[in-house]
Amino acid sequence: MNATRVIIRKFGGQAKAIFWSRAVQRIKVFVLGRNVSDGLLAKLILYLLLSIVAYLYVQPILYMISTALKPLSDLLDPTVKWIPRVVTWENFQTAVKGIKYPEALQNTAIIAISCSVVQVLICAMTGYALAKLAVPFKGLITALVILTFLIPPQIIIIPLYVIYSKLSLLNTLFVFLIPAIFGQGLKSALFILIFRQFFKSQPLSLEEAAKLDGASTARLFFGIMLPLARSACLVVFLFSFIWYWNMYYEPSWFLTDNFTPLSIRLDRLEDVLNPSLLGQRNTIDNPATESSKMAAAFLIILPPILVFMFLQRWFVTGIERTGIVE
Amino acid sequence: MKPSNEISRQRRLFHSKRYGIGLLFMLPWLIGFCVFVAVPIGWSIFMSLHKVSVVPGGFKYERFGLKNFKDAFVVDNVFPIELITYFQQMLLMVPIIVIFALLISLMLNQRFPGRFIFRAIFFLPVIFATGQVLSELFAQGAGEIPFLEQYNLQPMVEKYVGLQFATTVMDVLGRVVLILWYSGVQILIFIAGFQTISPSVYEAVRIDGASPWDSFWKITLPASVPFISLNVLYTIIDLFTFPLNPVLQHIRANMFKIDTGYGYASALAWIYFGFVFALIAVVLWLFGRSMKSRGKRS
C-alpha cells in the first residue's frame, strides 16, 4: 500500500505528462494530419486555394452566359452585375443568324473531325516508325520532327499560302486535310513525339512473338500496336480535335471565302451586325453587340465542352496511363 | 566464295527490306516535311534576303543581302524595343506559369472528396485557352481582376523592384488571369508526371520519419525535374507563338506595308525565332546539366 503510494507520487507526474502529450499528438494528427493532405487544416487550405483559382477559371464563362442573357437595358445599367432583370433569348437568335451557326458548325465539325482522325493515324504510324522500326538517319529525323514543332507558323505562312494556292487548295477542306495526311497538321510534331514515347515503352517481346508467328509489320502495327495504344489515341484525338476547333490564325489566311469555321465568323460578327462601322471596330467597344458576341462565343465552346464532359474520365486516365511524359 | 557472296547479298536484301518498311511508315511524314516545311523555310530565308514586292502574277525580288536584318535594328525603332520588352515579360511569365502549374497540380494530386469536379474545372483552359473565344472575352475585360487599381500597387512595385523594371512587372501583374489560363496543359503534364513516382517511395521516407515538407523537397521535386523542363519548353513555345503578342503583331503589320513587305517581315520573324531558339537552347543546356549532376550523385 505504502509502496504503491510512493510509486504514484514518484511517477504520477510523468504519467500525466505522457497522457497530455498523447492528447496533443492526437489533436495535432487530426488538424495537421500524417500526410500533407490528411489533416483538417490542410484540407481547408486546399479547398480554399483551389476554390479561388477555380473561381477565376469559371468566372469568364459565367460572365459570358450572364452577358448573353442580358437585354441591352440591363447591360447598360450599372446596378445589374451578374443576374439580368429580364432573361432574353434574343441575343442567341442574333448570334445564330450573324454567324450562320448551323452552316459554320458543320464546317468546323467536318474540319476538326476529319483532320483529327487522319492525324491520329498518321502520327501513330510515324511515331511507331521512330520508336521501333529501322529508319535511316533516325536521330536526324527525330531532330527535324522537333524542329517542326519549334518553327512558328508565322514564319512560313506566306510561302505556304503560295503553295496551297498553286495546288488550288485554298478555301476548301483539303487545305487542312492534306497537310494532316502528310503528317504536318496542327501540332503534329507533338503528337508524333507522344506516340513515339508510348511505343517505346512497349516491351520488345510482344513484337518478337508476333514476328515468330509470322505477322508482317503492317499486321503487327494495325492488329496489335494500334489497339494497344487506344488511350494514347484518345488523348491525341481530343487534343487535336480541340486545337482544330479553336484554331484561328491558319484559317484567317487559308479560309476566307464561304467555307469558314466558327472562330473566323465570331471575329467578323461585329462587321455583320454593324456594317456601317466596318473597319473601325477595333477602336470602338460597342455595347449593342456585346451580348450577341458573348452568345456566339458560348455557342462556339458548347460542343467541345459537351464532348469533353462525355470523354472526361477516359481522357484523364488516358493521360495518366500513356506515359506521355516519361 | 559463292556462298559468302550469297549470304552478303541476302543480308543486304534483308536490311534494305527492313529499312524499306521503316521508310514506308515514315513516307507520309517525309513527303509532308519536304513540301510543307522544308520548302517554305527555304523560301522564307530566301525572301528575308530580298526586297519582295507583289506584282500581278507573282513576286518581284530585289537582292538586298543582309540589309533587312540590319534595318531591323538600325532603322526600325519599334522592333528592338518590342523584342526586348517581350523577352523581359516572357522571362518573368515562364517561371510564374510553371510554378503556378506545379502548385495547382500538387494540390490536385491529393486525395480529397470532390476532386473530380476540381479536375474538370482545371481542364477548362485546355479546351479553349487557344481560341478566339478567349481573346474576345479578354477584349471585353471579362477576366480582369481590378486589384491593381484597387490597392494602388504601382508605387509599391516601383519602390521594391526599381523604376526600370516596374513597367514590366506591372504588365505581368495585369495579366495574372491570362497567366492562369495559359497553364492548362502544364497542369496536365505535371499531374501525369506525378503518377510515375511510385507511392512506395513516399511510404519508405515516412517510415524513416520524414515530414511531408521533406518528402516534397527530397522526392517530389527532384523526380519532377524532367517534367519541369518539359513544361518550361512548352510554355516558351506556347507564349512565343501566341498570336496576340506584340512582336508577332508588328511582324504582321510589316507584311502589308508597301515600303517593307514580306522580305522585311520574314527577316524580323527569323530574328525573333533566333532569339527564342537561343533561349530554348539555354534552358535545355541548364536542365541537361542539372539532370547529369543528379545522375552522378545517386
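**Helix α14 of chain A.** I started with α14(A), residues 262-273. Its 12 residues should span 16 Å at 1.5 Å a residue, and the end C-alpha atoms are 16 Å apart, so expectation and model agree. For the expected span I take 1.5 Å times one less than the number of residues. Helices here are DSSP runs of H or I with at least four residues, strands are runs of E with at least two, and both are numbered from the N terminus.

Which residues of α14(A) are buried? I get A:Leu262, A:Ser263, A:Ile264, A:Arg265, A:Leu266, A:Leu269 and A:Glu270. My cut-offs: buried means 20 or more other C-beta atoms within 10 Å of the residue's own, exposed means 12 or fewer, and partly exposed is in between, with C-beta atoms placed from the backbone.

**Housekeeping.** This is a predicted model, so I note that local features need pLDDT of at least 70 and side-chain atom pairs count only at pLDDT 80 or more, while totals for chains, interfaces and linings use all residues. Residues are numbered from 1 along each chain as its sequence is written, and chains are lettered from A and ligands numbered from 1 in the order in which they are written.

**Chain tallies.** Chain A has 15 helices and 0 strands; chain B has 15 helices and 2 strands. Of the 326 residues in chain A, 36% are buried, and for the 298 residues of chain B I find 28%. Next I checked contacts, meaning C-beta atoms, placed from the backbone, within 7 Å of each other. Among contacts with a separation of 6 or more, residues 24 or more positions apart make up 73% in chain A and 74% in chain B.

**The core.** The largest nonpolar core has 125 residues. By nonpolar core I mean a set of buried Ala, Val, Leu, Ile, Met, Phe, Trp, Tyr and Cys residues joined through C-beta atoms within 7 Å. Those touching the most other members are A:Tyr128, A:Phe195, A:Val236, A:Tyr244, A:Ala296, A:Ala297 and B:Leu268. Helix α5 of chain A (residues 101-132) supplies the largest share, 13 residues. Domain 1 and domain 2 of chain B each put in at least three residues.

I then looked up what A:Ala296 touches. Leaving out residues up to four places away in sequence, the list is A:Ala95, A:Gly98, A:Ile99, A:Leu266 and A:Leu269. Both A:Leu266 and A:Leu269 were in my list of buried residues from α14(A).

**Domains of chain B.** The assignment gives domain 1 (2-48) and domain 2 (67-129 + 182-297); such bounds come from an automatic or database domain assignment. Their C-alpha centres lie 34 Å apart.

**Where the chains meet.** How many residues of chain B are in contact with chain A? It's 67, against 67 residues of chain A. Helix α1 of chain B (residues 2-48) gives the most to chain B's side, with 20 residues. That side splits into 49 nonpolar, 14 polar and 4 charged. For the classes, Ala, Val, Leu, Ile, Met, Phe, Trp, Tyr, Cys and Pro are nonpolar, Asp, Glu, Lys and Arg are charged, and the others, Gly among them, are polar.

**Helix α3 of chain B.** Residues 79-108 make up this helix of 30 residues. From first C-alpha to last I get 41 Å, close to the 44 Å expected at 1.5 Å a residue. Its buried residues include B:Phe79, B:Tyr86, B:Met93 and B:Met107.

**The strands of chain B.** β1(B) (residues 50-55) and β2(B) (residues 58-63) run antiparallel, joined by 6 bridges; strands pair if DSSP finds at least two bridges between them. B:Val52 has B:Tyr61 as its bridge partner in β2(B). Why does β2(B) lie largely in the open? Of its 6 residues the number buried is 0, so that's that.

**Loops of chain A.** A:Val86 sits in the loop between α3 (72-76) and α4 (90-98). A:Val86 counts as exposed because it has 10 C-beta neighbours inside 10 Å. A:Lys70 is 16 residues from A:Val86 in sequence but 6.9 Å away in space, C-alpha to C-alpha.

A:Phe137, in the loop between α5 and α6 (138-150), has a positive phi of about 55 degrees although it isn't a glycine. A:Phe137 is exposed, because its C-beta neighbours inside 10 Å number 9. I also logged A:Asn171, another non-glycine, with a positive phi of about 60 degrees. A:Asn171 is partly exposed, with 17 other C-beta atoms within 10 Å.

Technical notes:
Two residues are in contact if their C-beta atoms, placed from the backbone, lie within 7 Å.
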